[in-house]
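Thanks for coming. I will go through one model this morning, and I will keep to what can be computed from its atoms.

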Amino acid sequence: QGCSSCPPADRVLSKLAKDPAFAGRMVPLAFHVDYWNYIGWQDPFSDRRWSQRQEQYAAAYGTNRIYTPQLIVSGTDEMNGADERRVRRAIETALASKPAAEVSLVVRREGASYVATVQARHDGALVRDLEVWVALYQNGLSTAVGRGENARRTLENDSVVRRFERAFVLPAAAGSTARGELKLMIDPAWPAANLGVAAFAQDPKTREIRGAAIRGGA
């Protein structure tokens, strides 16, 4: 929210997330970095961990180029998130390939938390173990920005990551299966209808996403 180049990319992400052609087939997640906070506006959804995650992608790609609004498809294809045509092409290309791992996700409400049960499996031998991550995200956010490059604008955000945890590691050996359960705390101010949960299996070295699942409106 502190970068004036980001709102167009946010709109593209929201548009794609609501596109029926991608429903249940694409996992849109917005990780708000914190390194723009110094210029006058504290993004309420920013987190240093998200900036560090972006740095991990740069290291995997062998570059020191870190920027916003960066959008990454399938963990390997990066581009400006405001370039809707290119983003759509990248997503369609990724969807044309069969995922190496199968990820299933069941979510239930338990008091002030969502409990996510995740299972992952694959038939072929992988080069290395995969990390399986779970994200709780929120749609329908609206923020009146008071300072910084977007001062006096009201920004709309969807797919904003609120909780993010590693569930387990899926072994690389052929025919491996793994299962885990995570409890994701919910703020009472977050409307349940605007929340969703996603899970994905990722190569920790290349950053490639090898399989995913999503449950919207959790």
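Some housekeeping before that. This is a predicted model, in which local features need pLDDT of at least 70 and side-chain atom pairs count only at pLDDT 80 or more, while totals for chains, interfaces and linings use all residues. Residues are numbered from 1 along each chain as its sequence is written, and side-chain values use heavy atoms, with hydrogens and water left out.

The search runs on a 1 Å grid over the protein atoms alone: a cavity is a set of points where a 1.4 Å probe fits but cannot get out, and a pocket is an open set with protein on both sides within 12 Å along at least five of seven lines. Grid points are joined across faces, edges and corners, and a volume is the space filled by probe spheres set on the points.

How many cavities of 30 Å³ or more are there? The count is one. The largest cavity holds about 30 Å³. Its lining, meaning residues with an atom within 4 Å of a point, is Gln54, Tyr57, Ala58, Tyr61, Thr63, Arg65, Ile66 and Gln70. Helix H2, residues 48-61, gives the largest share of that lining, with four residues. Helices here are DSSP runs of H or I with at least four residues, strands are runs of E with at least two, and both are numbered from the N terminus. By class, the cavity lining has four nonpolar residues, three polar and one charged. For the classes, Ala, Val, Leu, Ile, Met, Phe, Trp, Tyr, Cys and Pro are nonpolar, Asp, Glu, Lys and Arg are charged, and the others, Gly among them, are polar.

The second largest pocket has a volume of about 180 Å³. It is lined by 14 residues, and the closest to its centre are Ala17, Pro28, Tyr137, Asn139 and Ile214. That lining divides into seven nonpolar, five polar and two charged residues.

Next, the cysteines. A disulfide is a covalent bond between the sulfur atoms of two cysteines. The working rule is a pair of cysteine sulfur atoms within 2.5 Å, and the model has zero disulfides by it. Cys3 is in none, its nearest cysteine sulfur being that of Cys6, 3.7 Å away. On accessibility, buried means under 20% relative accessible area, exposed means over 50%, and partly exposed lies in between, with a 1.4 Å probe and protein chains only. Cys3 is buried at 4%, and Cys6 is buried at 12%.

Now the backbone. Most residues other than glycine have a negative phi, and most peptide bonds are trans. The peptide bond from Thr68 to Pro69 is cis, with omega near 0°. Pro69 sits in the loop between H2 and strand E1 (70-73).

Ser74 has a positive phi, near 60°. It lies in the loop between E1 and strand E2 (77-80) and is partly exposed at 29%. Arg152 also has a positive phi, of about 70°. Arg152 belongs to the loop between strand E6 (141-144) and strand E7 (154-157), and it is exposed at 78%.

Last, Tyr114, in strand E4 (residues 113-121). Tyr114 is buried, at 1% relative accessibility.
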